[in-house]
Amino acid sequence: MKTYHTIQELEATGIVAAGITSRRGGVSRAPYTSLNLAEHVGDDADAVATNREIFFQQSGLTDLYYCQQIHSDRVIDADCTANETLKQHPEADALISTQRGVPLGIFTADCVPIFILDIATPAIGIAHAGWRGTLARIAVNTLARMQNRFGTLVTNCQIHLGPSIQKCCYTVSTELLEQFTGHFGSTVRDGTNLSLQTANVNQLIEIGLPVASISVSPFCTACRTDLFYSHRAESGRTGRMLSFIQLNTKN
Ligand SMILES: [Zn+2]
């Protein structure tokens, strides 16, 4: 069984491997059934280790850099962070790099995984955007860091928003809705529901990203708990998918 979905919009460039795992094809038991890849959610550590082996074997990745996610706007530049530090998973919600063969990953179960590819440099970034990270503009912050460090231009970027909870299932408080419409416009709102995807797309368009360069997964994690983990649909007791991106070693 294939354990991950390829992000075709990014892989079509020929310069990256990018994907997101599904919840299928692993060994974890309920409520983590079955390919939980995160260590911090209460799942059996041996099961997580086995799941990671299954994923690594299938994807051909040999390593993975990821952070301890804290719903912040903090970005780690993997190029100038010591290997020992990276191995300890520093607190942050995004990673960037220009190194080939270095996979960057983030874990989600409803939050929006944001994949960034700067085709010209080339450089990559990946960010974790729940409602806090979206309000903190983690996507914009990640791009600003790439611009600052690598000279990335937004007009050279392709961005993908992966499977995440969509407005069909994301009812939030009036206070939060008002905060979001204040920051990102009325299009983020649908009745009492919020579109985190639209809030992220709007903030990217605002900094000059061409609409045509942004793609959004059609999957809602809360609608599709057969395929994905959903923190909300499963009352907080569930596993995490891994989103990953890596610059190919040759192109
Ligand atoms: Zn839904």
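Guide: The strands themselves (E, at least two residues) and the helices (H or I, at least four) are DSSP runs numbered from the N terminus. This is a predicted model, so local features need pLDDT of at least 70 and side-chain atom pairs count only at pLDDT 80 or more, while totals for chains, interfaces and linings use all residues. Residues are numbered from 1 along each chain as its sequence is written, and side-chain values use heavy atoms, with hydrogens and water left out.

The part I'd zoom in on is strand 7, residues 112–118. Strand 7 runs antiparallel to strand 8, and 7 bridges hold that pairing together. Look across from Phe115 and you'll find Ile126 of strand 8 facing it. Strand 9 (residues 157–161) is a partner too, again antiparallel, with 5 bridges to strand 7. Over there, Gln158 of strand 9 sits opposite Leu117.

How covered is strand 7? It's mostly covered, with 7 of its 7 residues buried (that's under 20% relative accessible area; exposed is over 50% and partly exposed in between, using a 1.4 Å probe and protein chains only). In a regular strand, side chains alternate between the two faces of the sheet. Here both faces are covered: Val112, Ile114, Ile116 and Asp118 are buried on one side, and Pro113, Phe115 and Leu117 are buried on the other.

Now follow the chain out of strand 7. Take a look at the peptide bond between Thr121 and Pro122: it's cis, with omega about -15°. There's also a cis bond between Thr33 and Ser34, where omega is about -10°. Ser34 has its place in the loop between strand 2 (16–21) and helix 2 (45–59).

You'll spot Ser235 in the loop between strand 12 (214–216) and strand 13 (241–247), where its 66% relative accessibility makes it exposed.

Arg137 lies in the loop between helix 4 and helix 5 (138–150), and its side chain makes a polar contact with that of Glu206 at 3.3 Å. By polar contact I mean N or O atoms within 3.5 Å, where within protein one must be able to donate a hydrogen and the other to accept it, and residues adjacent in sequence count only if both atoms are side-chain atoms. Arg137 is partly exposed, at 23% relative accessible area. Asn193, by contrast, counts as buried at 11% relative accessibility. The place of Asn193 is in strand 11 (residues 193–194), and its side chain reaches the side chain of Thr171 in a polar contact of 2.9 Å.

Terms used
Two strands pair if DSSP finds at least two bridges between them.
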